[in-house]
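Here are my notes on the model, as numbered points. Please read them with the structure open.

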Amino acid sequence: MTKIRREIVVAEALALLDEAGLDGVSTRQLAKRLGVEQPTLYHYFRTKKDLLADMAQAAMAPHATAPLPAPGDDWRAWFLDNTRNFRHTLLMHRDGARLHAGSAPTGDLDRIRHKMAFLLASGLPERDAQMAMLTASRFTVGSVLEEQADTGHGADLPPDIPTIDHESAFEAGLALILAGLSDTSRPD
């Protein structure tokens, strides 16, 4: 059996993703790309689902290594930066949002706990902080899914239907999430 490092397999799988899209990622194509027999890949990944999970984790590395909030940081500015960084990371790979959707943040739990503790220390109620992180995450994934699936058909809309570019739409939605969250953090 040809020995290759797991990290090389994942990196090549991400390169294949960028070239062929998520539907074009197959163990057959990946093995061909790596110059190995397809069964070799099963030494590293028992199923394609396992491969996709490692690909999702590797694709999120830029976001997973972004600076964590520090005491004294403005939670609103951090929340915006964190969500924008997440969007940017998803956009780094073709079908990045599809790859990420449904993945579990198993390698990121300490970072998530740190972010939650920061929001709580900033005065947000626990339930609101949890829902804000979940809402921002799902909104971002959904926005990027739409952006990455855009085929340009919006240009076919009648002139009386307003269009908005993806980044502006994302920023408007993010502002609404932050406004709602800011309202919950005000003392009564």
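1. Glu19 and Arg33 join their side chains in a salt bridge, N to O 2.9 Å (a side-chain nitrogen of Lys or Arg within 4 Å of a carboxyl oxygen of Asp or Glu). Glu19 sits in helix H1 (residues 6–20) and Arg33 in helix H2 (residues 27–34), so the bridge ties together parts 14 residues apart in sequence. Helices are DSSP runs of H or I, at least four residues, numbered from the N terminus.

2. This is a predicted model: local features need pLDDT of at least 70, side-chain atom pairs count only at pLDDT 80 or more, and totals for chains, interfaces and linings use all residues. Residues are numbered from 1 along each chain as its sequence is written, and side-chain values use heavy atoms, with hydrogens and water left out.

3. Glu19 is exposed, at 52% relative accessible area; Arg33 is partly exposed, at 31%. The cut-offs are buried under 20%, exposed over 50%, partly exposed in between (1.4 Å probe, protein chains only). Glu12, Glu19 and Arg33 form a network of salt bridges.

4. Arg87 and Glu147 also pair, 2.8 Å from N to O. The link spans distant parts of the chain: Arg87 is in helix H6, Glu147 in helix H9 (residues 126–149), 60 residues apart. Arg87 is buried, at 10% relative accessibility. Glu147 is partly exposed, at 22%.

5. Within helix H6, Arg84 and Asp81 lie 3 residues apart, about one turn of the helix. Their salt bridge has its closest N and O atoms 4.0 Å apart. The whole structure holds 10 salt bridges.

Conventions. Helices (H or I, at least four residues) and strands (E, at least two) are DSSP runs, numbered from the N terminus.
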